[in-house]
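Hi there,

Here is the structure I promised to pass on to you. Have a look at it, and then read on for my notes on what turned up.

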Amino acid sequence: MALRIFSARGWWTIGGSLLLSSALVTAPAWAVPPAGTLTAVHAFGLSGNRVRIVLHVKGRLSRPFAFSVINPPYVALDLSAMHLAVHHEIEPIHIGVVRNVMLAVQGLRTRVVVNLRRMVPYRLSVHGQDIDLTLGRASRVRVAALAASQPSAVSPTVPSLISRILSLRFRRTAYGAGRIYVRLSSSSVTGLVHQVGNRLTVLFPHTRLRRNLRRRYLVTDFATPVRSFSAQELPDGAAEIQIRGVGHFQQLAFQTNRVFAVELKPLTTAALARLRQSVFTGRRISLDFQSIPVRAVLQILADVSKLNMVVADDVHGHITLRLHDVPWDQALHIILETEGLTMIRQGNVVMVGPAAVLAQRARLEAQSASTLAALSPLHTTFIPINYAKASALASLIQGEKNLLGHRGTVSVDPRTNMLIVRDTRERLHAVRRMVRALDIPVKQVLISSRIVVANDTFTRALGAQIGLAGVHQLGSQSLLSMSGDLNGNNTIQQSALTNYNSTGSFFPLTPPALNDQLSVNVPATNPVGTLAVGILNSDYLVNLELSALQSQGLGEVVSSPKVITADQQKALIEQGVEIPYQEAASSGATAVAFKKAVLRLEVTPQITPDNRIVMAIEVRNDTVGQEVPTGTGGEVPAIDTRSVHTQVLVDNGDTVVLGGIYETTRNRTVNKVPLLGDIPLLGWLFRSVQVQNDKAELLVFVTPKILSSSLHAVH
């Protein structure tokens, strides 16, 4: 494939699958004339399947800028102020993971690209006149510094051999992350972070560690992903910090002047999902620079991304950064955010500059567009409205600040439901787009409900009636009578007195009425079974009646109201009776008033974007109850009310139970003659028992269905 390269001398197009002649960033202002020459490239195989590549330079040598790309895998070195004296542009290597080395030069810069079979860790160091690049994983992750014989004036980014770690500090951030601060004696030293699983190793090459800092730090009490970390000094003079994390976390390392920080941020399940669906999708690269010009970093990113990048003249300054295996667009976002820059992308061209400068440019473009719009001719268009109200759309159009120009007008013809809009052509197109988006048929919803009232009644009653009447003559002039009450005795005694006065004898006597004979009167209410026994003698009468009742009832009342309504429109349906009753006024006059006892369904549906339905619903089922007397002498019917008022979210076509009322009534009533009613077995003749066990249940089912334009349910 072909690759476009942005450089000081314009765009190059070269064949190949690698970034090579893009090399080359415009020479920065501080670049010196070419004073070095790359004369040879040597490759050696090392133990552990590692490869060492040595670049020999004659003349002045400064530390190269290095970056890597994951796909395709390669490591690139940029050498400033450097000539190329190697005759072959491609040096075949074929040792270990290294395929070849490609060389290119432009102006004052030379780029060396090491093509790999797969990406492996690497370390870069400078020894005298040689640039040493080692690829592959050693026993420890180390990066060599410049040899002691190399003068420090060669490059301001060469780390000092006497750098020290002055302090270590741990802090928990406001969002629960654990952050370790490492204060260094020099800003030219940076940490190299290597992560394996939940363990991180931060290496500071050629850096001393104070003796009082060489220990293990337990930080579990801070409730961060950092469980502990330890600091030690290695035998080769490097300082190493090992961090042990726990759980899911995101690692971030950054350096500000002489403070290097490592942060472990906890990740929730949602954050992990967002991380997997990151908006950054560019090719992954690694950057490791100390005090590199911002413009140079931007140009490297332009090479990797194959974008045409225009950088404003106001972009200055240097930046120190270390990014490992990040998408190039995320690296660009971090650099722009750090340096207070912004970018405007138009197709394959990206303009980068200070936010204030680009904002000023956008304002000028807006002013120019406004001036052109003020001079554009006005046109009139007629827009018929099919489903919405033209007056409502006109209000929306007038309410949108940027839809109509300051010369634009909109009016409504109610008879034809049409909009009349006058404005420039561009504004009219915008109004038509808005009308097309809003003038659509509103979805409708069919709400079907079922109101079920189930009754289960059970009643059992047992009772008895005993009637006694008797007389006994004590002498010629006295008579003893017995009956169920005084009326019975009075009937016997009156008949005896009448007979005695007329015949001189008490007999024959008149027996009392049946009700007056009853000594025990506790029958079952409305019995369906009775048994009566009577004994009659010359001077006494005994009657016994046993009554029993058992009733059981099962009932179910199902009401099924249905109603269709538009989205977000209230619907109401009711069916029942209005009960008239007389109502007295304060003046004494009477008037007829009405009370409703109806089945009522009131619902307001809202269709969600995923075709689910939110319903604010009220269901009421009223029945006529008992008559209640009023203070004015009349009676008012009571209304037995059952209702549900709620809001639910239901899938299209699903049935939901809004609520239910379950009532249970249990009664046991015993009427008995004292003492006699407590006698075992015989006591049943002197008492009545009534058992009641009633159950009532109310259930409300609702099923909403979205209807298509043809009034068919959408499944």
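Let me begin with Arg52, a residue that is partly exposed, with a relative accessible area of 32%. Please keep in mind throughout that this is a predicted model. Which residue does the side chain of Arg52 meet in a salt bridge? Its partner is Asp132, and the N to O distance is 2.8 Å. Arg52 belongs to strand 4 (residues 50–59) and Asp132 to strand 12 (residues 130–135), so this pair ties together parts that are 80 residues apart in sequence. Asp132 counts as buried because its relative accessibility is 8%, under the 20% limit.

That pair is one of 13 salt bridges found when the whole structure is searched.

Another place to look is around Arg600. The side chains of Glu574 and Arg600 form a salt bridge, at 3.3 Å from N to O. This pair links distant parts of the chain, with Glu574 in strand 37 (residues 571–584) and Arg600 in strand 38 (residues 590–607), 26 residues apart. Glu574 has a relative accessibility of 33% and counts as partly exposed. Arg600 is also classed as partly exposed, at 22%.

Arg600 has a salt bridge with Glu602 too, with an N to O distance of 2.8 Å. Is Glu602 buried or partly exposed? At 16% relative accessibility, Glu602 counts as buried. Through salt bridges that share partners, Lys570, Glu574, Lys596, Arg600 and Glu602 are joined into one network.

Now to the aromatic rings. The count comes to five aromatic pairs. In one of them, the ring centres of Tyr217 and Phe229 are 4.7 Å apart and the planes lie at 10 degrees, so the pair is stacked. Tyr217 and Phe229 are both buried.

Tyr500 and Phe506 make another pair: their ring centres are 5.0 Å apart and their planes are at 20 degrees, so this pair is stacked as well. Tyr500 is partly exposed, with a relative accessible area of 27%, whereas Phe506 counts as buried at 9% relative accessibility.

Two arginines are worth a visit in the viewer. Which ring does the charged end of Arg169 sit over? It is the ring of Tyr181, with the charged end 4.5 Å from the ring centre. For Arg450, the ring in question belongs to Phe701, and the charged end sits over it at 5.2 Å from its centre.

On to the helices. Two packed helices are described by the angle between their axes and the distance between the axes. Helix 2 (residues 294–305) packs with helix 3 (residues 328–339) at an angle of about 160 degrees, and their axes are 10 Å apart. Helix 2 and helix 3 are therefore roughly antiparallel to each other, since angles over 145 degrees count that way. The crossing of helix 2 and helix 3 is left-handed.

Lastly, a few points about the backbone. Most residues other than glycine have a negative phi, and most peptide bonds are trans. Pro508 is placed in the loop between helix 7 (486–503) and helix 8 (514–517).

Ala81 is not a glycine, yet its phi is positive, near 50 degrees. You will find Ala81 in the loop between strand 6 (74–80) and strand 7 (82–84), and it is buried, with a relative accessible area of 8%. Asn417 likewise has a positive phi, of about 55 degrees. The loop that holds Asn417 runs between strand 29 (409–413) and strand 30 (418–423), and at 22% relative accessibility Asn417 counts as partly exposed.

Enjoy exploring it!

Best wishes

Key. Residues are numbered from 1 along each chain as its sequence is written. This is a predicted model: local features need pLDDT of at least 70, side-chain atom pairs count only at pLDDT 80 or more; totals for chains, interfaces and linings use all residues. Side-chain values use heavy atoms; hydrogens and water are left out. A salt bridge is a side-chain nitrogen of Lys or Arg within 4 Å of a carboxyl oxygen of Asp or Glu. Helices (H or I, at least four residues) and strands (E, at least two) are DSSP runs, numbered from the N terminus. Buried means under 20% relative accessible area, exposed over 50%, partly exposed in between (1.4 Å probe, protein chains only). Rings of Phe, Tyr and Trp (its six-membered ring) pair if their centres lie within 6.5 Å; planes under 30 degrees apart count as stacked, over 60 as edge-to-face and the rest as tilted. A charge sits over a ring if NZ of Lys or CZ of Arg is within 6 Å of the ring centre and within 35 degrees of the ring normal. Axes are lines fitted to C-alpha atoms, for helices over the stretch in contact, and angles run from 0 to 180 degrees between N-to-C directions. Angles under 35 degrees count as roughly parallel, over 145 as roughly antiparallel, 65 to 115 as roughly perpendicular and the rest as oblique. A crossing is left-handed if the near helix is turned anticlockwise from the far one by less than a right angle, and right-handed if clockwise.
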